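Colleague: I am new to this one. Could you walk me through how to read it?
Modeller: Gladly. Here it is.

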Amino acid sequence: MHRFYLTGEHGLGAEVRFNPAQVRQITRVLRMRVGSRVLTFNGSGQEWEVEIVATSPQEVVGRIVEECEALRESPLRVVLVQGLLKGAKMDYLIQKATEMGVAEVILLSTRRTVAEGLGKVARWDRIAIEAAEQSGRLVVPKLSGPYPLEGYVVGQSPGASLLLWERERVGTLAALLDRMPPPDEVKILVGPEGGLEMDEVALLRRAGFVPVSLGPRTLRAETAALAALAILQHYWGDLR
Ligand code: SAH
């Protein structure tokens, strides 16, 4: 069944109204009629079955006919702190990280950031919503930034904070996960295409980030982020 993210209050019997992009999708692309059913979610962790009760080219109204039990959110809250990537790579990573169940993405600009990411957050939000709709997520990951790295580290509570660093020679991510009790939340920081400068790594260490390696090969930033998300969700989350 097609799924739509709709903000606002949901409850059995309530009427819901779809936004203009969804109206277009429902009437023109899917050509749904009165009586068709779709699923909606509003980020609260629940899902509803909705029957379309009125359609016009401008408006689609639905009525919530069923509350569905759904457990598709990971017990592990993963926050991906990602150095901005260029155009299509950033889009790709937002989509895939959403599928991998990430709770939040915080974007950073660093010394070697080449992309200009201002003004694109609305576009990445749309990508995250679409990926959440498609993958059965019940919440849409929260996106924020880009923040300068130096500003971001101020006031960070260390918690479980990992820094993916290709020059770390001792600690691997898997070895760390083997000996750590599972936390509720883990932050994972990945550099941009050009990596991080030594003094940025030093700053992050001082802020409590633990450098870990993903093995002997240098991965592209988006590969590193997705590999780390897979490993974290496998060890501590729900990717099994
Ligand atoms: N500085 C390098 C490569 C940067 S790779 C260069 O240009 O030669 C981009 C990011 O991916 C890095 O900042 C790091 O966060 C992550 N990364 C890539 N390979 C990794 C590995 N083997 N272990 C841990 N992190 C890795």
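Modeller: Start with the elements. Helices (H or I, at least four residues) and strands (E, at least two) are DSSP runs, numbered from the N terminus. Val38, for one, is found in strand E3.

Colleague: What should I know about the source of the model and its numbering?
Modeller: This is a predicted model, where local features need pLDDT of at least 70, side-chain atom pairs count only at pLDDT 80 or more, and totals for chains, interfaces and linings use all residues. Residues are numbered from 1 along each chain as its sequence is written, and side-chain values use heavy atoms, with hydrogens and water left out.

Colleague: How many helices and strands does the protein chain have?
Modeller: The protein chain has 7 helices and 11 strands. Its C-alpha atoms fill a box of roughly 60 × 40 × 30 Å, taken along the principal axes.

Colleague: How do I read burial?
Modeller: Buried means under 20% relative accessible area, exposed over 50%, and partly exposed in between (1.4 Å probe, protein chains only). Of the 240 residues in the protein chain, 47% are buried.

Colleague: Is Val38 buried or exposed?
Modeller: Val38 counts as buried because its relative accessibility is 0%. Val38 and Ile26 are 12 residues apart in sequence, and their C-alpha atoms are 9.4 Å apart.

Colleague: And Ala224: buried or exposed?
Modeller: Ala224 has 9% relative accessibility, so it counts as buried. Ala224 lies in helix H7 (residues 221-235). Met90 is 134 residues away from Ala224 along the chain, with 13 Å between the C-alpha atoms.

Colleague: What about a loop residue?
Modeller: Take Thr113, in the loop between strand E7 (104-109) and helix H3 (121-135). Thr113 is buried because its relative accessible area is 19%.

Colleague: Which backbone atom does the side chain of Thr113 reach?
Modeller: First, the idea. A polar contact is a pair of N or O atoms within 3.5 Å; within protein, one must be able to donate a hydrogen and the other to accept it, and residues adjacent in sequence count only if both atoms are side-chain atoms. Here the side chain of Thr113 reaches the backbone nitrogen of Thr110 at 2.6 Å.

Colleague: Which peptide bond is cis?
Modeller: The bond from Gly145 to Pro146 is cis, with omega near -5 degrees. Pro146 is in strand E8 (residues 142-148).

Colleague: Now the ligand. How many residues surround it?
Modeller: A residue is near a molecule if one of its heavy atoms lies within 4 Å of it. The ligand is surrounded by 18 residues, and the closest are Leu164, Glu166, Leu214, Arg217 and Leu219.

Colleague: Where are the backbone contacts to the ligand?
Modeller: A backbone N or O atom of Leu214 lies 2.9 Å from a ligand nitrogen. For Gly194, a backbone N or O atom is 3.4 Å from a ligand nitrogen. For Gly191, a backbone N or O atom is 3.0 Å from a ligand oxygen.
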